[in-house]
Amino acid sequence: MAISEISLDGGRLCLDFINSVSSRMKDVRMEYLMTMPDLIAWARRLEIIDARTECILSEKSVKHSKEAITFLKQALEFREILYKIFQAIAKKKKVHPEYLRSYNVQLKNYFPAIELKQVSGGFSESWLLEEDSYKRIIAPILNDSYELLLSDKLLKVKECPSCGWLFYDSTKNGKRRWCSMKNCGSNVKALDWYHRQKLPVL
Ligand SMILES: [Zn+2]
């Protein structure tokens with residue numbers, strides 16, 4: 001699937017990153033981020049990086065393909081750690097200490113480069129990273145996950161029962177069930193209807 005066609009239903013940057021596979025159901029899972037150019041294009045679409053950084057990182061990924069492959073592998077490993085942590089939260093289970101340990105390794109890896117910048121009306125995060133550092137892609141995702149984990153909004157993190165994507169339920173009544181009505185809700189409704197038709201007539 002083209003990066004521009006991926007549904008963005010997570011409602012939070014870190015959850016959209018987790019949802020960069022077609023489904024979390026084993027048999028039908030398709031990876032969307034197959035190459036470093038995919039990850040760079042995805043980051044640009046999510047406005048993590050600007051057009052200039054996209055150019056710099058793309059050129060670097062072509063010139064030094066080994067490094068690019070290594071970084072992609074690490075990025076996807078981190079995505080899977082995030083998935084395990086937020087899936088446990090969505091299921092209201094305890095996070096396995098091993099996943100938390102891996103997460104903390106990433107915090108230690110990235111946070112020495114964070115600083116606050118004053119902007120109109122408050123502050124925003126800024127990263128002291130080289131302009132050609134791939135870490136520019138993961139740093140804001142890590143920070144978004146960190147903010148969400150420390151917030152009192154964890155009950156809003158849910159798992160789509162149809163595809164296993166995770167999403168942030170920002171509805172007022174908190175009753176959102178599917179990642180999206182279009183992709184999953186309507187499928188399941190159609191399936192319900194189909195099964196109802198098959199019931200024997202009494
Ligand atoms: Zn879904």
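**Notebook: core and helix α5**

I began with the largest nonpolar core, which holds 44 residues; I18, L39, L82, F86 and L166 make the most contacts inside it. I then listed the elements that give two or more residues to this core: α1 (13–18), α2 (36–45), α4 (65–90), α5 (97–110), α6 (135–150) and β4 (166–168). The top contributor is α4, with twelve residues. A reminder to myself: this is a predicted model.

Next I picked I18 and asked which residues it touches, leaving out those up to four places away in sequence. I found G10, R79, L82, Y83, F86 and L166.

I stepped back to look at the whole chain. I counted seven helices and four strands, and from the N terminus they run α-α-α-α-α-β-β-α-β-β-α. The C-alpha trace spans about 70 × 35 × 35 Å along its principal axes. Of the 202 residues, 30% count as buried. I also checked contacts with a separation of 6 or more, and 56% of them join residues 24 or more positions apart.

Then I turned to α5. Its 14 residues reach 20 Å from first C-alpha to last, close to the 20 Å expected at 1.5 Å a residue. Which residues of α5 are buried? I noted Y103, Q106 and Y110. Viewed down the axis of α5, the buried residues fall within an arc of 55°, so they line one face of the helix.

Lastly, I looked up what covers the buried residues of α5, and the cover includes α4 and α6.

Definitions and conventions: Residues are numbered from 1 along each chain as its sequence is written. This is a predicted model: local features need pLDDT of at least 70, side-chain atom pairs count only at pLDDT 80 or more; totals for chains, interfaces and linings use all residues. A nonpolar core is a set of buried Ala, Val, Leu, Ile, Met, Phe, Trp, Tyr and Cys residues joined through C-beta atoms within 7 Å. A residue is buried if 20 or more other C-beta atoms lie within 10 Å of its own, exposed if 12 or fewer, and partly exposed in between; C-beta atoms are placed from the backbone. Two residues are in contact if their C-beta atoms, placed from the backbone, lie within 7 Å. The expected span of a helix is 1.5 Å times one less than its number of residues. The arc is that of the directions from the helix axis to the C-beta atoms.
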